[in-house]
Amino acid sequence: MDHGPALAPRWRPLAAARPAMSPAWWHWVASRDSLTSRLTEAGRPWRFRVRLLGQGLGRPRRDEALALGLPLGRRAWLREVALTLDDRPWVIARSVAPLDQPHGRRLERLGERSLGHWLFRQPDLERGPIEVSADPAPFHPVTGPWGRRSVFRHGGFAVLVQEFFLEAMVDDLALPSR
Ligand SMILES: C=C(O[C@@H]1C=C(C(=O)O)C=C[C@H]1O)C(=O)O
């Protein structure tokens with residue numbers, strides 16, 4: 001789970017990325033509802049599945065720790081998944097949850113159930129601003145047009161969710177390259 005000194009993506013506010021983003025990608029990157037639901041719908045008749053790539057305790061990257069207000073070096077729960085349609089990865093995601101909070105290890109029990117299904121069931125769910133990057137995911141050797149991240153909070157729980165849209169999704173949905 002600790003991928004060494006891979007370069008951190010350069011994150012910028014969603015609005016700053018808009019001029020460089022096609023409307024079709026804006027529809028995906030700027031959406032604030034459940035990505036799981038959108039992928040399931042857009043991917044029909046293919047089967048949506050969360051594939052757990054790895055999870056465990058680890059030290060967030062500097063940009064992750066800063067996004068969560070975590071002291072550098074403080075360990076957290078790390079979860080990496082691929083969101084697949086017919087087993088083709090359309091999105092790769094890495095979520096970081098501080099431990100000293102209720103449900104801190106809640107992600108541990110998720111397995112291959114979508115984090116989104118649980119998050120979007122929380123009535124007091126808050127989602128922070130979405131930031132965007134055109135850099136590749138530093139935790140997995142795959143490429144794609146856009147990455148995004150935001151912090152979800154409910155009650156005293158917070159989780160940073162980073163999602164990188166991949167080339168297979170571009171191809172399968174005939175989306176613009178950016
Ligand atoms: C936040 C959501 O959950 C999705 C599911 C994830 C998981 O199971 O680890 C990670 C990223 C998200 O795209 C969502 O569906 O919007």
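**View 1. The lining of the largest cavity.** Twenty residues line the largest cavity, and Ser-114, Leu-115, Gly-116, Val-161 and Glu-163 lie nearest its centre. Here a cavity is a set of points, on a 1 Å grid over the protein atoms alone, where a 1.4 Å probe fits but cannot get out, and a lining residue has an atom within 4 Å of a point. Two or more lining residues come from each of α3, β3, β4 (88-98), α5 and β8; helices (H or I, at least four residues) and strands (E, at least two) are DSSP runs, numbered from the N terminus. Keep in mind that this is a predicted model, where local features need pLDDT of at least 70 and side-chain atom pairs count only at pLDDT 80 or more, while totals for chains, interfaces and linings use all residues. Residues are numbered from 1 along each chain as its sequence is written, and side-chain values use heavy atoms, leaving out hydrogens and water.

**View 2. The ligand in its cavity.** What sits in the largest cavity? The ligand does, with more than half of its atoms within 2 Å of the cavity's grid points. Of the shell around the ligand, β3 (76-85) gives the largest share, 3 residues.

**View 3. Oxygen atoms of the ligand.** Look for Glu-163, where a polar side-chain atom lies 2.5 Å from a ligand oxygen. Backbone atoms take part too: a polar one of Leu-35 is 2.7 Å from an oxygen of the ligand, and an N or O atom of Leu-115 is 2.8 Å from one.

**View 4. The second largest cavity.** Among the residues lining this cavity are Ile-92, Asp-135, Trp-146 and Phe-164.

Notes:
A polar contact is a pair of N or O atoms within 3.5 Å; within protein, one must be able to donate a hydrogen and the other to accept it, and residues adjacent in sequence count only if both atoms are side-chain atoms. On a 1 Å grid over the protein atoms alone, a cavity is a set of points where a 1.4 Å probe fits but cannot get out, and a pocket is an open set with protein on both sides within 12 Å along at least five of seven lines; lining residues have an atom within 4 Å of a point.
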